[in-house]
Amino acid sequence: MKVPLLDLKPQYHSLKKELDEAVLRVAESQYFILGPEVENMEKEFCQYLKCKHAIGVSSGTDALLLALMAIDIKPGDEVIVPTYSFFATAGVVSRLNAVPVLADIDPLTFNISVDDIKRKITSKTKAIIPVHLYGQSAAMEKIMRIAKEKNIFVIEDAAQAIGTEYKDGKCVGTIGDIGCFSFFPSKNLGGYGDGGLVTTNNDELAYMLRIKRVHGGEQKYYHKVIGGNFRIDALQSAVLRVKLPHLDKWSEKRRANAEYYNELFKEAGLAEESGRTKFDEKNKILLPKAVYKNISGLKNYHIYNQYVIRAQNRDGLKKFLTESEIGNEIYYPVPFHLQECFANLNHKKGDFPESERASETSLAIPIYPELSKEQQVFVVQKIKEFIHSK
């Protein structure tokens with residue numbers, strides 16, 4: 001049985017008529033950059049996320065870059081980021097000649113450690129970028145309290161967490177000063193190419209985000225500030241408008257798949273419960289935990305952009321699953337502090353132990369909404385086969 005890490009074809013076929021019509025609508029209009037499709041998409045995201053401003057941009061990476069430009073990050077400013085994340089989180093800081101100050105992660109959630117944030121704040125700290133990794137919110141209440149006390153901006157990297165709710169019911173990306181989202185095709189809400197979104201409830205920041213999206217010009221050819229070409233195109237907007245009404249249903253299916261995996265791993269004798277952070281005889285596989293699951297009224301407590309397990313012989317398991325035609329991926333094999341391009345930060349192996357453990361033991365397995373129970377059973381059977389063969 002083949003089990004891909006992600007299969008987008010079933011989603012396309014279920015919405016084929018609407019998606020094809022949306023693409024043709026853009027072609028007929030010949031309005032490809034910004035325009036009505038983008039404006040309507042932005043309004044619909046404001047309604048969905050319950051925020052004041054939503055601004056379509058060219059990618060999740062550009063969303064982060066634009067956010068930093070909007071708060072006027074300057075060379076030498078420090079921005080605290082987790083060392084365990086997708087490269088863009090720290091890369092955009094360095095692109096502006098600011099300094100990414102790395103922090104370790106919480107071993108339970110994979111999200112940035114609040115205690116390490118506190119340790120890393122200096123007089124040069126301009127912003128914190130918490131990442132809502134794999135689809136679950138970082139500890140935003142504590143992070144916002146710290147930021148308010150120190151007068152520091154908070155830019156949420158919600159690229160993997162569109163629709164995720166924090167424990168207070170607010171959508172991630174609407175809690176900090178600016179939220180950043182990605183519509184890369186593999187995301188829970190993906191376009192037909194690159195695309196992204198920035199959100200804010202601050203009118204002044206929204207103004208800067210909008211003009212810096214188009215080279216810093218409020219009026220064509222007249223430039224108040226330096227910006228960039230960060231525009232989302234009409235085609236991506238039209239596709240996203242078709243998909244957005246289905247997002248909560250897809251997230252619900254991902255949560256159901258995660259719960260079924262949890263049951264299967266327990267039945268297989270590979271884990272006792274979700275949320276263990278240390279291996280032992282009864283926990284050969286460590287399962288992810290949805291830490292906000294039991295809060296009353298909370299629906300999208302986790303959207304499982306990825307379902308990430310941990311295994312002691314992770315590389316061996318990855319090889320075995322690949323040979324068994326089961327899709328899998330390592331997110332992320334090399335933390336920022338061990339990346340060659342960040343050697344100037346003068347970190348060494350051992351400086352961020354939780355991030356290093358995650359990079360050495362974590363493995364994502366298929367979780368997409370159309371995944372069948374039979375496929376999930378097969379995945380867990382194969383993992384059990386590998387564990388018992390050692």
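**Pockets, cysteines and a buried asparagine**

By class, 14 nonpolar, ten polar and four charged residues make up the lining of the largest pocket in this predicted model. The space within the largest pocket amounts to about 500 Å³. Its lining comprises 28 residues, of which Phe 86, Gln 160, Phe 184, Ser 186 and Lys 187 lie closest to the pocket centre. Two helices, H4 (60–70) and H5 (88–95), each contribute at least two residues to the lining of the largest pocket. The greatest contribution to that lining comes from H4, which provides three residues.

The second largest pocket holds about 310 Å³ of space. It is lined by 17 residues, and those closest to its centre are Asp 106, Ile 112, Val 114, Ala 139 and Lys 142. Helix H6 (114–120) and helix H7 (140–150) are the elements that give two or more residues to the lining of the second largest pocket. H7 supplies the most, with three residues. The class composition of the lining of the second largest pocket is seven nonpolar, four polar and six charged residues.

The cysteines were examined next. Zero disulfides were found in a search of the whole structure. Cys 171 takes part in no disulfide, and the nearest cysteine sulfur, belonging to Cys 51, lies 8.4 Å away. A disulfide requires the two sulfur atoms to be within 2.5 Å. Cys 171 has a relative accessibility of 9% and therefore counts as buried. For Cys 341, the closest cysteine sulfur is that of Cys 180, and the separation of 20 Å is too far for a bond. With a relative accessibility of 47%, Cys 341 is classed as partly exposed.

Asn 262 is located in helix H10, which spans residues 247–267. Its relative accessible area is 6%, so Asn 262 is classed as buried, the threshold for that class being under 20%. A polar contact of 3.4 Å joins the side chain of Asn 262 to the side chain of Ser 274. When residues up to four places away in sequence are not counted, Asn 262 touches Ser 274, Leu 287, Pro 288 and Tyr 307.

Notes:
Residues numbered from 1 in each chain as written. Predicted model: local features only at pLDDT ≥ 70, side-chain atom pairs only at ≥ 80, totals over all residues. Heavy atoms only, no water. 1 Å grid on protein atoms, 1.4 Å probe; cavity = no way out; pocket = protein on both sides within 12 Å on 5 of 7 lines; lining within 4 Å. Points joined across faces, edges and corners; volume = space filled by probe spheres on them. Helix = DSSP H or I, 4+ residues; strand = E, 2+ residues; numbered from the N terminus. Nonpolar A, V, L, I, M, F, W, Y, C, P; charged D, E, K, R; others polar. Buried < 20%, exposed > 50% of the residue type's maximum accessible area, 1.4 Å probe, protein only. Polar contact = N/O pair within 3.5 Å; in protein donor to acceptor, adjacent residues only side chain to side chain. Contact = heavy atoms within 4.5 Å.
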